[in-house]
Amino acid sequence: MRSRPNSLGTFALIATAALWGSNHVVARAAREAVPLPALVFWRWFPAAVVLTLVALPSLRRAWPAIRPRLTELIVGGAVGVGLFSYGLLGGAYQSLAIEVGFTNATTPVWVLLIGRRMGEPPFGAGTKWGLALAFAGTLLIISKGQPQALAGLHINLGNLWSLLASIAFAWFSIRARDWSRSIEPLPLTVVTAWSGVLVVMLPAYLVWIACGEPWLVWNDADWGFALAATAYIGLVPTMLGNLFYVYGVSRLGPARAAAFIYLTPLFSAALSIGWLGEQLAWYHFAGIAAIFAGLFVLGKFGPKQ
């Protein structure tokens, strides 16, 4: 009976990586059309509304479990949804892709380190080898087969935002695993989503508007593209992607779930190749092999839920 939930959790996390990979591609294109505060807010607000309507029956059932933990869920949503969203998109708006990819790839490491600080059991050799293989594959892809190029990375505001996003999401992943033991994934996603929207995104967006800045589209930008990109990012990678991720964490635990983030740059690269006509190189195949080997090792020998 346990293998089926674990299989569904694995599928959900692979789908999450694919959706988040497309999120990076579309967001990179949208930065020339949509201001950052607008994209962050409109990325989540429609998704939160739709999720709430779908989740009403489960929210009523889960309310007795939610109510005593509401304060910590609000804090968790503010950090893991609100601040994370600004860090993720802020990094994409201001940094080179290789730098953002390198920084985001540290998330599984932060999950393990923060987890140990929060009382998680020690991880063994299987976890270390699985993370090392997946991390090496990611580095190989983002450095285009030239790891020495990583020595030239420099820290700028975008890199810092990406790093903070990785740390925030790692902490949120650990807390989400704990919350999901008593709260179903859908109501948990709704509560943390609204917490991020109301505590972080809406106040920042209102300040942006009060300063006389555009509410959605930069002057002279393509309205059609801006609306389409914002709608896609909000309803597909954000709504479905985060719901899948919370479910995956509840099934496999935060350390194993976070390792699937290594697949995100893989899907981003695949989408770029399909849309932009780029060619596959040897380091893509080698990196893909290392990533899947690392995920296999984590699945067999990594920490259990």
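Which helix gives the most to the lining of the second largest cavity? Helix H1 (residues 3-30) does, with four residues. Helices here are DSSP runs of H or I with at least four residues, and strands are runs of E with at least two, numbered from the N terminus.

This is a predicted model, in which local features need pLDDT of at least 70, side-chain atom pairs count only at pLDDT 80 or more, and totals for chains, interfaces and linings use all residues. Residues are numbered from 1 along each chain as its sequence is written, and side-chain values use heavy atoms, with hydrogens and water left out.

Start with the cavities. A cavity is a set of points, on a 1 Å grid over the protein atoms alone, where a 1.4 Å probe fits but cannot get out; lining residues have an atom within 4 Å of a point. Points are joined across faces, edges and corners, and a volume is the space filled by probe spheres set on them. The whole structure holds two cavities of 30 Å³ or more.

The largest cavity has a volume of about 50 Å³. Its lining consists of Trp44, Val81, Phe172, Thr189, Thr192, Asn242, Tyr245 and Val246. Helix H8 (185-210) and helix H9 (223-252) are the elements that give two or more residues to this lining. H9 gives the most, with three. By type, the lining of the largest cavity has five nonpolar residues, three polar and no charged. Here Ala, Val, Leu, Ile, Met, Phe, Trp, Tyr, Cys and Pro count as nonpolar, Asp, Glu, Lys and Arg as charged, and the others, Gly among them, as polar.

The second largest cavity has a volume of about 30 Å³. Leu13, Thr16, Ala17, Trp20, Tyr245, Ala257, Phe260, Ile261 and Thr264 line it. That lining divides into seven nonpolar residues, two polar and no charged.

Now the packing. A nonpolar core is a set of buried Ala, Val, Leu, Ile, Met, Phe, Trp, Tyr and Cys residues joined through side-chain atoms within 4.5 Å. Buried means under 20% relative accessible area, exposed over 50%, and partly exposed in between (1.4 Å probe, protein chains only). The largest core has 74 residues, and Val34, Trp44 and Tyr245 have the most contacts inside it. Helix H2 (residues 36-66) supplies the largest share of this core, 13 residues. Contact means heavy atoms within 4.5 Å. Beyond its neighbours within four places in sequence, Trp44 touches Leu51, Val81, Ser85, Ala193, Val197, Met201, Thr238 and Asn242.

Turn to the charges. A salt bridge is a side-chain nitrogen of Lys or Arg within 4 Å of a carboxyl oxygen of Asp or Glu. The whole structure has seven. Side chains of opposite charge can pair when their charged atoms come close.

Arg31 pairs with Glu32, with the closest N and O atoms 4.0 Å apart. Arg31 is partly exposed, at 26% relative accessibility. Glu32 is exposed, at 61%.

Arg69 bridges to Glu72, the closest N and O atoms being 3.5 Å apart. Arg69 counts as partly exposed because its relative accessibility is 21%. Glu72 is also partly exposed, at 28%.

Asp178 and Arg177 form a salt bridge with their closest N and O atoms 3.0 Å apart. Asp178 is buried, at 19%. Arg177 is buried too, at 5%. A network of salt bridges links Arg69, Glu72, Arg175, Arg177, Asp178 and Arg181.

How values were computed
On a 1 Å grid over the protein atoms alone, a cavity is a set of points where a 1.4 Å probe fits but cannot get out, and a pocket is an open set with protein on both sides within 12 Å along at least five of seven lines; lining residues have an atom within 4 Å of a point.
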